[in-house]
Amino acid sequence: ALVGCGGGEGKDNSGGSAKSYKINLATATTGGVYYPMGNALAQIWSKNVEGVKAAAQSTAGTPQNIDLMRDKEAEIAFAQNGISYYAYSGTGTYEGKAVPSIRGMLSLYPNVMLMVVRKGTGIKSVSDLEGKKFVPGQVASATEVNGREILSVYGLNYQKDKGETNVNADYVGYNEAADLLKDGHTDAVLIAGGLPTSAVMDILATGAGELISLEPDKIKEITTKFPWYFEITVPAGTYPNQEEDIKTVSVSNILITREDLPEDLIYNLCKAVYDYHDDMVAGHKAATSTTLEHALDGMIIPLHPGATKYFKEQGIEVE
């Protein structure tokens, strides 16, 4: 039995002893991609990996997920690669409070930064957010950290503990942010997610908001200053009433786990992700990118030995 993983002893068909594992899979708010994809993953694992019972938990996102991993209240979690690096290395937002016990499993899909502005505000660039109302995400969420990083290259700050502010922030989740914008109570929201993200679909379908691009020089500055970002294009027609391509930045979403989980368990969980890829896509279209070709995109923390073994067997070079 593996107590730290919620494991227990059961009997296999031959009368021998078989391990069982309860997997708490930490995701994010219900308005994003992590949660529906997490539900799909939990069902795949519970149905197809012997001895595993998995369940997806709604959370505030990556930082809370990392806290849950540190406290051994979750076995596996969705996370942004940049925040995961901060946590593992004890840098950035995790300076002095490193969580060196986290390990990488696999890369899932690009987490696209979408700046949605309310029509009629005259906002055509992130620089126009000065003096405006803005939702960067929930307090201490990965999206909120993204908001700080992106706005910083425009000389904008909404954090009252970081000096003079020139943007007025409301800290709420994606669904609440969509409602605030549609009701005219905020001017812009940052939503980070796979394509498409339901909260952005909701806003654009009503005609209340529109997407804006980041300028090429700002994209270059962001990707240079914060190297876990990369440039990405959101093709026209990805969202309702989106008539033009949108240029923005993205980070990789990854699955992370704890170093104390058994090698064979993580091996089998990784294998099931790719063996049942179609079921993942049925859970959310963003899983289209969850392929062996992109298995380690953006992975900047050490892999769990079980993941290393699986990917080496697939002929994938592991550093």
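This report covers a strand, a pocket, a helix and a histidine in a predicted model.

## Strand β8

Strand β8 spans residues 188–193. It is mostly covered, with six of its six residues buried. In a regular strand, side chains alternate between the two faces of the sheet. In β8, A188, L190 and A192 point one way. V189, I191 and G193 point the other way. Both sets are buried.

β8 has pairing partners. Strand β5 (residues 102–118) runs antiparallel to β8, and six bridges join them. Strand β6 (residues 133–135) pairs with β8 in the parallel sense, over two bridges. Here V135 stands opposite V189.

## The largest pocket

The largest pocket has a volume of about 320 Å³. Its lining consists of 14 residues. Nearest the centre lie E210, L211, I212, E244 and I246.

Strand β9 (residues 209–212) gives the largest share of the lining, four residues. By class, the lining holds six charged, four polar and four nonpolar residues.

## Helix α7

Helix α7 covers residues 216–225. Which of its residues are buried? K218, I219 and I222 are. These three lie on the same side of α7, because they cover an arc of only 105 degrees around the axis. An α-helix has 3.6 residues a turn, so residues three or four places apart point the same way.

The other side of α7 carries exposed residues: P216, D217, K220 and T224. The buried residues pack against three elements: α4 (142–152), β10 (230–234) and β11 (246–258).

## Histidine 284

H284 sits in the loop between α9 (277–283) and α10 (305–313).

## Summary

Strand β8 is buried along its six residues and pairs with β5 in the antiparallel sense and with β6 in the parallel sense. The largest pocket draws the largest share of its lining from β9. Helix α7 has K218, I219 and I222 buried, with exposed residues on the other side.

Note on methods:
Residues are numbered from 1 along each chain as its sequence is written. This is a predicted model: local features need pLDDT of at least 70, side-chain atom pairs count only at pLDDT 80 or more; totals for chains, interfaces and linings use all residues. Side-chain values use heavy atoms; hydrogens and water are left out. Buried means under 20% relative accessible area, exposed over 50%, partly exposed in between (1.4 Å probe, protein chains only). Two strands pair if DSSP finds at least two bridges between them. On a 1 Å grid over the protein atoms alone, a cavity is a set of points where a 1.4 Å probe fits but cannot get out, and a pocket is an open set with protein on both sides within 12 Å along at least five of seven lines; lining residues have an atom within 4 Å of a point. Grid points are joined across faces, edges and corners, and a volume is the space filled by probe spheres set on the points. Ala, Val, Leu, Ile, Met, Phe, Trp, Tyr, Cys and Pro count as nonpolar, Asp, Glu, Lys and Arg as charged, and the others, Gly among them, as polar. The arc is that of the directions from the helix axis to the C-beta atoms. Contact means heavy atoms within 4.5 Å.
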